[in-house]
Amino acid sequence: MNDNAEQQPLTAAPSYAAAQLARAFTTALTHGDADTRRRAEVRGQRWRAVLAGMAAGRLTVGSRTPVAGLPAWVTPEVVRGGFATGAAGAGGPLQPYETEAARSFGVPAERRALFAHCLTEGGLAWLWALLDSGHYETGVPEEAALLTMAWLVRHGETDAALDLAAELEPFADRLRFLPRPTDRPAPKAGTADAAAAVHRLTVSDAVGTLVRRRPNAAIETQREALAVWQPFGDELLAHWLRTARDGRDGRVLELAPDADWLAHAAALLERYRLLATEHTRCTKHRNPKQNLGILRGALEETVAGRPLGARRLGLLRHAVESMVRRRGLPGSAPHTALRRSQAEQAALPSHHALAQLVLGRLAGLPQETGIPDVAPAVAAVTPEESQETGLPAGAAVPPAVRQVVEAALSAPLGTLVQRGVVPSAEVLAELVPQLVAATTAQAYREESLRTLMAANYRAFRGRRSLLLLNLEHQVRVEELPWVRAVSGQRAAVLGKPDGEGALAVLRQLGELAVQAFPGTILPNPLVRELGVLERQGDLGAPFVEELAADIFMDTFSPKFLKAARIAGELLRGTLYERYYGIDYAAIRNLAITETGVALSHSRGARTSPGFARLCAERATAASGAGAGSWSVAANGTVIEQAQILTTHNLATLVHRVGIAPQPGWADLARRGFDTVCRLTARVHHNPRPLATIKDAAYAWRQTLFHLSLCPPDEQRRVIAGLDEQTARHPAHVTTRLGPALAGLVLVAEGGSFGADGTADGGRARRLTGWSTDGHWMR
């Protein structure tokens, strides 16, 4: 097919949505948990809306404007897979705060009436008061729109304010543009660097998590058994032993109860009924075949004046003898020591009780932020708290409760990584928008606008990504009309070399991500945030996403070729180029040629046909599969070649951004290889190992990149030590990684692979993750 031939835009098929609807329907009908059924029913309603919208032509799934009649900047409601439902995130029925605002304004409870009021003198005064106090929040970015309009009016930008109002007005009856008043001020845009404090959970989030935790039923049942029923069983046993002629062997030889014995027996039975009413977790005492049930049942018959039959008497004697044999006579030294130990165990405070104590400590903290110092919140029970709660002084907060509170720690990202609050690159990506919001807001000269734009960015990052086809890109924050309206208020401060600009933050975040997770591919949400910082700093360095193999359309945007050219500038002649059989000089020439072609067309190039062809040829040579055959796995092999050629952003971070992770490339290579080994260990007995093999190959590629930046002597030392690293893992890891390690040594010593990625009769292999015919690591 001609690379320049015009193609019809692709759209998504409804089969995925239909399958999701079927799953939600089944869960809603069959799941044992009522809350799960309700959630599944809501999911089902949304998937029905997706299918109905696609059938009626109201939805174009795969487009950045999927909902007919709504521009790209409107936040869509998105379900799994990036499918828009047709609803707007800022739509739906009026929120309680909107109803209250309408009442206070004296206007009808309608969005258009609220919008119109905010254009009046009284409405503008209300918005200005929110801007001054900061007592607002934006759940969706649309809720920042009227505040931006009010800011423009206040600062004499009347034309811009009118243009913004005119662009919003057609949607005033459908979307909520009104901000949400709050009791606490919005977080101000603080220092724009990666040392600024961020948090994974707010205090309110931590409180909610602890509140939802219920007491552990099994533990509380055991506590009741130790504290209530075992001591009561001892009393019953001791009472029956009073009827024995020789209590030392525990045998009930005769039953001749006197009046005192019967009176005490009646009192024991009355206390049993009270205990059974109050303590309902443990039910073994109700079982007539258990020792406690046998002793109690015999006591009830005796007190009632009914003689014990031979069978009942035999059971009673057996129960008494077995209890004495197992634990000793009540009051004896062994029995007393055992019961003392069990009583101490039962007296330990429950996790639930300690969680309630921690909840009390958290109640006095600001709820919508993190905690600068979590130590006081998770300290041991103080003497004062012991008096108030009955918990023993010095009791430690259990790890399960500590982890929830520590997730709300507010500290620099590096600190959160060191303390394990950020355990993965995916979690890191969740927190980065807090820093990027502060960074991008620093460009605005006026403080209230900085705070507003930071709040807007945080809300914007809550927007779920759409499924996009035809190389369309997600909506960017600068495309929002209210952000465009104040773009002229940005000062040229982001490129300053004093560590306050976007490039400094980009460098710090890049170093942190690579240093903390050296064997992990950069997740797309993190790549997206790095791209925002790159654009703000006007660096001209491309960041490329991981593409989805199931919707890949055999082409790449030009930034992939640009990223590969940057990789070649860094890696030409290195171990990385030789291991993967790359000709970075040819890639440089291809980039020059395609750039010239793009400059000769007024519209510019949206694709890089030469790069797509190169990746397809490399994938075909590696897999041996025939060209043109479509499958998800075949797509994956092509995408993986693009990641190999570009190094999936590592070269851009090193060569353009200038990251220099500590303690150095050799350490990163060793740690990256540890990740390879850990992932390879999970392949063993794994019925579906291909995803794990793919991740192991990604970690291997990261390792090779780090290794290629080491000086030659250091590189040789690291490679020589890989066998020792492998030996620390199960034996099958050594077997599975043997061909890959042999291939690495082969290339390091000047050898090369054949066209199929093997050498030495298959004993040495190039490790890649995707395969169309089963992977050799299986």
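Guide: The side chain of Q641 makes a polar contact with the side chain of R618, at 2.7 Å. This is a predicted model, in which local features need pLDDT of at least 70, side-chain atom pairs count only at pLDDT 80 or more, and totals for chains, interfaces and linings use all residues. Residues are numbered from 1 along each chain as its sequence is written, and side-chain values use heavy atoms, with hydrogens and water left out.

Visitor: What makes the pair Q641 and R618 a polar contact?

Guide: The term requires a pair of N or O atoms within 3.5 Å; within protein, one must be able to donate a hydrogen and the other to accept it, and residues adjacent in sequence count only if both atoms are side-chain atoms. The distance here is 2.7 Å, between side chains.

Visitor: Why is Q641 called buried?

Guide: Buried means under 20% relative accessible area (1.4 Å probe, protein chains only). Q641 has 6%, so Q641 is buried. Q641 lies in helix α27, residues 632–646. Q641 touches C615, R618 and A619 (heavy atoms within 4.5 Å), leaving aside residues up to four places away in sequence.

Visitor: How do you know that β1 and β2 pair?

Guide: Pairing needs at least two bridges found by DSSP. Strands β1 (residues 76–79) and β2 (residues 83–88) have three, in the antiparallel sense. V79 stands opposite F83 in β2. The two strands form a hairpin with three residues between them, and G81 in the turn has a positive phi of about 85°.

Technical notes: Helices (H or I, at least four residues) and strands (E, at least two) are DSSP runs, numbered from the N terminus. Buried means under 20% relative accessible area, exposed over 50%, partly exposed in between (1.4 Å probe, protein chains only).
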